[in-house]
Amino acid sequence: MENCIFCKIVAGEIPSPRWYEDDKMIVIRDIEPKAKLHYLCIPKQHFALLSEMDEARAEIVKHLFQTIPTLEKTLGLEGGYRVIINQGEDGGQTVPHLHIHLLGGEKLGEF
Ligand code: 5GP
Ligand code: ZN
């Protein structure tokens, strides 16, 4: 997807250290962390919204959620973490490429 910052990161056009990578997803640190540890789990395939889900994309989202718990130790999130997916304008989504925020590394305040 042209001009999508996360597609550029996935393609390696914008360098960003990868804390995890497989054939379907990458995990990077958020450039403006909202907690001591703030990761972004980004599917390699571009789509913006959960409402654009089809069977293939559902498999990708399932893979993301199955993989996240296996990374808790690697990412330093053993103490717990918060999972956020912002959707659309009212949800505060600024990058229109689906991604899962993982926030942790400290005791988070009330949501
Ligand atoms: P959203 O607001 O769409 O849910 O989340 C987008 C997130 O991407 C924001 O937290 C923002 O800080 C992060 N972000 C935007 N551009 C970059 C970038 O170039 N590199 C990284 N690592 N994070 C980015
Ligand atoms: Zn994209």
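Colleague: In this predicted model, is His 97 buried or exposed?

Modeller: The relative accessible area of His 97 is 0%. The cut-off for a buried residue is under 20%. His 97 therefore counts as buried.

Colleague: Which atoms coordinate the zinc ion (ligand 2)?

Modeller: The coordinating atoms lie at 2.0 to 2.3 Å from the zinc ion (ligand 2). The atoms are SG of Cys 4, SG of Cys 7, ND1 of His 46 and ND1 of His 97.

Colleague: How many residues apart are His 46 and His 97?

Modeller: His 46 sits in the loop between β3 and α2. His 97 sits in the loop between β4 (81–84) and β5. The pair links distant parts of the chain, and the separation is 51 residues.

Colleague: What is the geometry of the site of the zinc ion (ligand 2)?

Modeller: The angles among the four donor atoms are 105 to 116°. Four donors count as tetrahedral if all angles lie between 85 and 135 degrees. The site of the zinc ion (ligand 2) is therefore tetrahedral.

Colleague: Which element gives the most residues to the largest nonpolar core?

Modeller: This core has 13 residues, and Val 27, Tyr 39, Cys 41, Leu 75 and Leu 102 have the most contacts inside it. Two or more residues come from each of β2 (25–29), β3 (37–43), α2 (55–67) and β5 (100–104). With three residues, the element that gives the most is β3.

Colleague: Is Leu 75 buried or exposed?

Modeller: Leu 75 is found in helix α3, residues 72–75. Leaving out residues up to four places away in sequence, Leu 75 touches Trp 19, Val 27, Leu 37, Tyr 39 and Leu 102. Its relative accessibility is 2%, so Leu 75 counts as buried.

Colleague: How far apart in space are Leu 75 and Pro 33, C-alpha to C-alpha?

Modeller: In sequence, Leu 75 and Pro 33 are 42 residues apart. In space, C-alpha to C-alpha, the distance between Leu 75 and Pro 33 is 14 Å.

Colleague: Which element gives the most to the lining of the largest pocket?

Modeller: The largest pocket has a volume of about 470 Å³. It is lined by 22 residues, and the closest to its centre are Phe 6, Asp 30, Ile 31, Glu 32 and Leu 40. At least two lining residues come from each of α1 (5–11), β2, β3 and β5. With three residues, the element that gives the most to this lining is α1.

Note on methods. Residues numbered from 1 in each chain as written. Chains lettered and ligands numbered in written order. Predicted model: local features only at pLDDT ≥ 70, side-chain atom pairs only at ≥ 80, totals over all residues. Heavy atoms only, no water. Core = buried A, V, L, I, M, F, W, Y, C linked by side-chain atoms within 4.5 Å. Buried < 20%, exposed > 50% of the residue type's maximum accessible area, 1.4 Å probe, protein only. Helix = DSSP H or I, 4+ residues; strand = E, 2+ residues; numbered from the N terminus. Donors = N, O, S within 2.8 Å, 3.2 Å for Na, K, Ca; no water. Tetrahedral: all angles 85-135°; square planar, octahedral: opposite > 155°, others 65-115°. 1 Å grid on protein atoms, 1.4 Å probe; cavity = no way out; pocket = protein on both sides within 12 Å on 5 of 7 lines; lining within 4 Å. Points joined across faces, edges and corners; volume = space filled by probe spheres on them. Contact = heavy atoms within 4.5 Å.
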